[in-house]
Amino acid sequence: MILTGASPSFAQDSTVSASPSADTVTPEITATASATATPAPPTPTPRLFDQYKKDYLFQYDQYQQDYLVYVDKKRVYTKYGTITTQKEKFSAAISAINSRNKAFKSYLLALRVLLDDYKSANPTQTEKNQIDLGKWEAWFAEQVTVVPAINNDDDLKKWTEDFKEKYIVIQGVIYTSLVQHEINLRQLTLDRLQDIATDIRNNPNIRPESQQWISSLTVKSDLVSTSFNSSLTYTRKNQSQTKFSNFYPDSKIELIKGNNYLREISADLKLIVTKFYSQ
């Protein structure tokens, strides 16, 4: 799913088509009662993120439906050009934009909650990301009441032009948060691997000649951290005021590098135990 690491797809058409998107993963939990009337196990408490994700997917589906209505009304207006068809097109545009605003709001909320998962790895920076997401979440919530009050093409055009500029910033906030989320996960993985390396180093059953191998892991750990820093550097890329320059693919390359080093460290630790463990 987008909120767990993949990059979101955004259209540059700022009228009614720009929107976040997501894959779905819907777990199913089933239980059967026994003939002896054994009490059923308690139903697990739904993960908070999963609840917000479900709401986002609902809102996004509603937006897609409203957008298709807008496209149809626009086609009819283009064909007939009557006052009635113009009003219907305008009303459909307002509905689609408002549905998109709701989808964005629910998306940002879900992403903000998702960041809690591995927040302990970088609490200060992650909190900053969450604050930024919360600000835009509140902005979209406000627009849900603002947009329906627009009643003419000129004001709607002004709103969409303003949104075009804001949308560049919004995308930056979203992608930066996604990068930070992935870094947090990998940082906790690195911390755990370093703990394991320390345990191996202090284990009396690991032969002394393993120490050189364990020490070499420091180099790869540094390379992991370098990849993290490089990935974050791309998120600070200056943006133009007219079009978003997507830095996520470059950040993702660095994250993949870091993850590959983590895999190598894990494999090295297993090899050390296999090769130097003695009873």
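Because the model is predicted, local features are taken only where pLDDT is at least 70 and side-chain atom pairs only at pLDDT 80 or more, while totals for chains, interfaces and linings use all residues. Residues are numbered from 1 along each chain as its sequence is written, and side-chain values use heavy atoms, with hydrogens and water left out.

**The whole chain**

Helices (H or I, at least four residues) and strands (E, at least two) are DSSP runs, numbered from the N terminus. Of the 279 residues, 39% are buried, where buried means under 20% relative accessible area, exposed over 50%, and partly exposed in between, with a 1.4 Å probe and protein chains only. If contacts are displayed (heavy atoms within 4.5 Å), then among those between residues at least 6 apart in sequence, 81% join residues at least 24 apart.

**Helices α2 and α4**

Next select residues 83-114, which form helix α2, together with residues 153-202, which form helix α4; their axes come within 12 Å and cross at roughly 20 degrees. The axes are lines fitted to C-alpha atoms, for helices over the stretch in contact, and angles run from 0 to 180 degrees between N-to-C directions. The two helices are therefore roughly parallel to each other, on a scale where angles under 35 degrees count as roughly parallel, over 145 as roughly antiparallel, 65 to 115 as roughly perpendicular and the rest as oblique.

Now show the side chains between them: the contact includes F90, I94, I97, F104 and L108 of α2, and W159, F163, Y167, I174 and L178 of α4. The residues of this contact divide into 15 nonpolar, five polar and two charged; here Ala, Val, Leu, Ile, Met, Phe, Trp, Tyr, Cys and Pro count as nonpolar, Asp, Glu, Lys and Arg as charged, and the others, Gly among them, as polar.

**Salt bridges**

A salt bridge is a side-chain nitrogen of Lys or Arg within 4 Å of a carboxyl oxygen of Asp or Glu, and by this rule the count comes to 14.

Select K220 and E264 to see one of them, with the closest N and O atoms 3.2 Å apart. This pair links distant parts of the chain, since K220 lies in helix α5 (residues 211-235) and E264 in helix α6 (residues 248-276), 44 residues apart. K220 is partly exposed at 22% relative accessibility, and E264 is likewise partly exposed, at 34%.

Staying on helix α6, select E254 and K257, whose side chains meet in a salt bridge at 3.4 Å, N to O; these residues are three apart in the helix, about one turn. K257 is partly exposed, with a relative accessible area of 40%, whereas E254 is buried, at 11%.

Finish at R47 and D50, which are joined by a salt bridge of 3.8 Å, N to O. Both are partly exposed, R47 with a relative accessible area of 35% and D50 with 33%.
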